[in-house]
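Here is a short report on one protein chain. Look at the fold as you read.

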Amino acid sequence: MDSILRIQELTERLNIYRDEYYNQNAPSVSDEAYDRLFDELKRLEQEEGIAFSNSPTQSVGYEAVSELKKTEHPIPLLSLDKTKNITELNQFRAGQDTLLMLKLDGLTVKLEYEGGKLLRASTRGNGETGEDITHNAKTFRNIPLVIPYSDKLVITGEAVIHTDDFERLQSQTVDSSGEKYRNIRNLAAGTVRSFDAETCAKRGIYFHPFDVLEGLDNYSADCKHVKLSVLQHQLGFEVCPFYYLNKMKQTDQDFQQYIEELKETAVQEHFPIDGMVLTYDSISYSKSCGRTGHHYKSGLAFKFEDDLYETRLISVEWLASRFGAVTPVAIFEPVEIDGCMISRASLHNLAYFQRFELGAGDRILISKRNMIIPQVEENLDRSGTLEAPELCPNCGEPLIVKSGDAEKTCFLQCQNQGCTMKHLGSFIHFTRKKCMNISGISEKLLSLFTSQGWIRTYADIYRLDRYREQIVRLDGMGEQSFARLWKAIEESRKTDFAHFLCALDIPLIGETASRILAKVFHDDLDGFLNAVQHGYLFSRIDGIGLVMQDNIYEWFGSDKNLKTMEELRKEVVIMKNTNQNENQGNPFEGKTVVVTGTLANFTRDSVHIQLMQLGAKPGKSVSKNTDYVIAGEKAGSKLAKAKELNITVLTEDEFMQMMGA
Ligand SMILES: NC(=O)c1ccc[n+]([C@@H]2O[C@H](COP(=O)([O-])OP(=O)(O)OC[C@H]3O[C@@H](n4cnc5c(N)ncnc54)[C@H](O)[C@@H]3O)[C@@H](O)[C@H]2O)c1
Ligand SMILES: [Zn+2]
């Protein structure tokens with residue numbers, strides 16, 4: 001293809017992506033896919049010696065269109081040049097002392113203090129003009145509003161959501177178009193840029209400084225690390241973790257080792273990262289390096305290898321599901337991902353299919369999100385020759401387009417009641433042994449009852465006696481048959497959590513999954529529902545996968561389903577198993593518990609799950625509302641705070657004893 005045309009096309013496409021990413025916090029492609037196109041554009045621009053003024057390689061961010069007040073950046077806030085090559089990173093040191101820092105995955109925020117008080121906070125915006133977010137910054141979890149330093153202080157850093165918080169938030173929070181946030185950076189950006197400070201306060205934003213733009217000159221002649229350490233130790237900030245590397249030569253292997261260690265710190269502390277940053281320690285040397293329109297030359301980002309795989313699309317298959325929706329699946333030339341040959345990936349819905357303008361033979365990029373589910377991330381060619389079907393692949397009846405819960409999604413639906421037996425199917429399922437176990441209600445009867453409108457919801461089955469007279473008069477029925485049928489229905493009212501859950505027909509939550517959940521939640525439906533409400537990580541349970549977790553949240557996210565369930569609940573009795581009172585009287589019920597340090601028997605997530613199962617609320621920071629602090633190895637400031645506030649501190653052993661393990 002003509003290179004200049006391609007440059008134009010890429011510039012245009014990347015600008016659309018930048019707007020979605022920076023202004024709407026709703027990217028339609030992954031960062032890896034974006035970076036690929038960006039790198040292609042950069043290469044072509046260099047080869048041709050042409051770059052348009054609106055090229056993303058020539059400017060940073062994107063002009064903000066929000067209604068937040070604008071602020072100027074006298075010292076522009078720019079992006080970073082990047083590499084994926086460790087040798088290149090090592091060579092960048094060029095005989096200088098350097099800082100190897102975490103590259104935190106959030107958004108740049110600048111804080112200005114004067115007279116010892118926080119004066120203003122702003123986003124980077126397009127580098128020259130940002131947005132005023134002071135109202136939100138005041139709710140950041142870990143920044144001092146007052147500092148023992150009265151001269152002007154201007155610092156930059158990353159505003160982030162911690163990964164453990166994100167996992168909890170993910171299932172509850174939706175963006176402006178009603179879609180779930182999939183990406184931690186976008187949720188942080190959306191939160192920091194929201195109009196009301198309450199949203200920000202609720203979600204929990206942390207700010208970690210990585211540079212000092214103005215101030216602290218009396219502390220150090222020329223060293224960035226000294227200034228950062230003043231921020232950390234004297235002014236009360238939590239600085240972005242870094243290693244100070246002196247100018248001594250290091251092998252690439254040593255370097256790799258440092259990166260691994262820093263990465264481990266990030267995991268431990270729940271910092272979201274997308275790479276490392278190497279910057280010079282000398283401030284004067286840094287200044288002498290100069291800049292481009294896009295970045296300062298005094299730092300280099302090291303991005304982790306992406307996991308995108310290029311292949312060619314063969315076709316798109318449309319599959320009708322039991323639930324009436326017709327879903328596209330991409331079929332492509334097999335690629336090996338983590339040792340598995342992958343040749344198909346769901347395209348989820350009509351909107352997702354349309355977004356990629358697919359055609360047979362197009363080069364597409366596949367990823368394995370969360371290392372589990374293959375996902376189409378981008379179509380490099382966009383020939384757009386494939387179209388969505390008009391007729392149901394199952395029954396041949398016309399399909400209709402329905403819009404989903406979220407604004408931007410729409411899907412195809414088969415309207416033919418008989419097509420996938422979807423309606424009747426769910427009632428047949430409901431009566432099965434593994435569900436409500438209603439013997440004696442045949443498919444034929446169910447089909448009759450539904451066609452008469454006597455059964456519209458599950459609860460209606462338990463009210464069939466309203467139609468007793470009509471049913472008795474049916475062909476082949478009679479008083480005795482009805483009595484038998486009614487007895488079976490009545491008997492089925494007594495059930496347990498596992499059968500009840502299975503009966504709800506949540507996709508993939510069948511007999512086994514229901515039993516697993518029953519065990520974990522001690523047969524307690526309310527406990528389970530409470531967990532759903534609090535964003536419990538079901539996928540942490542052995543035997544419950546990510547898709548199952550998604551399905552649970554999707555199902556309970558629908559008001560219609562909730563209503564169906566509540567109605568049904570009134571008709572049945574859900575028996576608990578014998579040790580039902582296990583939780584009551586345990587000392588953690590209803591308490592707020594903060595865990596700090598490293599535990600021997602739990603990861604941070606598993607101890608949180610354990611606490612939730614005990615009916616406790618895991619807290620993040622210690623305050624006067626904290627009931628217990630569980631302190632493991634290397635417990636630090638939180639432990640000190642607990643002591644200061646006179647809060648009961650438990651060792652891990654004491655915790656285990658108290659919960660009766
Ligand atoms: N998916 C999409 O549609 C889309 C669109 C636009 C941009 N993007 C992504 O955003 C990237 C561009 O964003 P960017 O310009 O913010 O660049 P970037 O995120 O790649 O790197 C620069 C930023 O890193 C941050 N940072 C974190 N830790 C730091 C540290 N210790 N020291 C210095 N800086 C640190 C700073 O905020 C800085 O602005 C692209 O590479 C792409 O991955 C994605
Ligand atoms: Zn059909």
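Two strands pair if DSSP finds at least two bridges between them. Helices (H or I, at least four residues) and strands (E, at least two) are DSSP runs, numbered from the N terminus.

This is a predicted model, where local features need pLDDT of at least 70, side-chain atom pairs count only at pLDDT 80 or more, and totals for chains, interfaces and linings use all residues. Residues are numbered from 1 along each chain as its sequence is written, while chains are lettered from A and ligands numbered from 1 in the order in which they are written.

**The whole chain**

The secondary structure of the protein chain comes to 24 helices and 24 strands. A residue is buried if 20 or more other C-beta atoms lie within 10 Å of its own, exposed if 12 or fewer, and partly exposed in between; C-beta atoms are placed from the backbone. By that rule, 33% of the 661 residues count as buried. Two residues are in contact if their C-beta atoms, placed from the backbone, lie within 7 Å. Take the contacts in the chain with a separation of 6 or more: 68% of them join residues 24 or more positions apart.

Strands of a sheet pair through backbone hydrogen bonds, either parallel or antiparallel. One open sheet has 4 strands in the order E22-E21-E23-E24, with parallel pairing. Its edge strands are E22 (617-619) and E24 (648-650), each pairing on one side only. Neighbouring strands here are turned by 30° against each other on average, direction ignored. Strand E21 (residues 592-596) is joined to E22 by 3 bridges, and the two run parallel. Within this pair, Thr 592 stands opposite Lys 617 of E22.

Axes are lines fitted to C-alpha atoms, for helices over the stretch in contact, and angles run from 0 to 180 degrees between N-to-C directions. Helix H23 (residues 637-644) lies across E21, strand E23 (628-631) and E24, and runs at about 145° to E23.

**A mixed sheet of 5 strands**

Another open sheet is built from 5 strands in the order E2-E11-E10-E3-E9, and its pairing is mixed. Strands E2 (79-83) and E9 (242-245) stand at the edges with a single partner strand each, so one side of each has no neighbour in the sheet. The twist averages 30° from one strand to the next.

| Strand pair | Bridges | Direction | Residues paired |
|---|---|---|---|
| E2 and E11 | 4 bridges | parallel | Ser 79 and His 295 |

Is strand E3 enclosed or open? In E3, 7 of the 7 residues are buried, so the strand is largely enclosed by the rest of the structure.

Lys 103 sits in E3. An unreviewed UniProt entry annotates Lys 103 as "active site". UniProt positions are given in the numbering used here, feature names are shortened, and annotations may be inferred rather than shown by experiment. Lys 103 is buried, with 24 other C-beta atoms within 10 Å. Leaving out residues up to four places away in sequence, Lys 103 touches Ile 273, Asp 274, Gly 275, Met 276, Val 277 and Ala 301.

Helix H9 (residues 252-269) lies across E3 (98-104), E9 and E10 (273-280), at about 40° to E3. H9 has 18 residues and reaches 26 Å from its first C-alpha to its last, close to the 26 Å expected at 1.5 Å a residue. The expected span is 1.5 Å times one less than the number of residues. Just after H9, His 270 takes a positive phi of about 65°.

**Two packed helices**

Helices H1 (residues 3-23) and H2 (residues 31-48) pack at an angle of about 145°, with their axes 10 Å apart. Residues in the contact include Ile 7 and Leu 10 of H1 and Leu 37 and Leu 41 of H2.

**Two loop residues**

Ala 94 has a positive phi near 45° and is not a glycine. Ala 94 lies in the loop between helix H3 (86-92) and E3. With 10 other C-beta atoms within 10 Å, Ala 94 is exposed.

His 348 is not a glycine either, and its phi is positive at about 65°. His 348 lies in the loop between strand E14 (340-346) and helix H11 (350-355). With 16 other C-beta atoms within 10 Å, His 348 is partly exposed.
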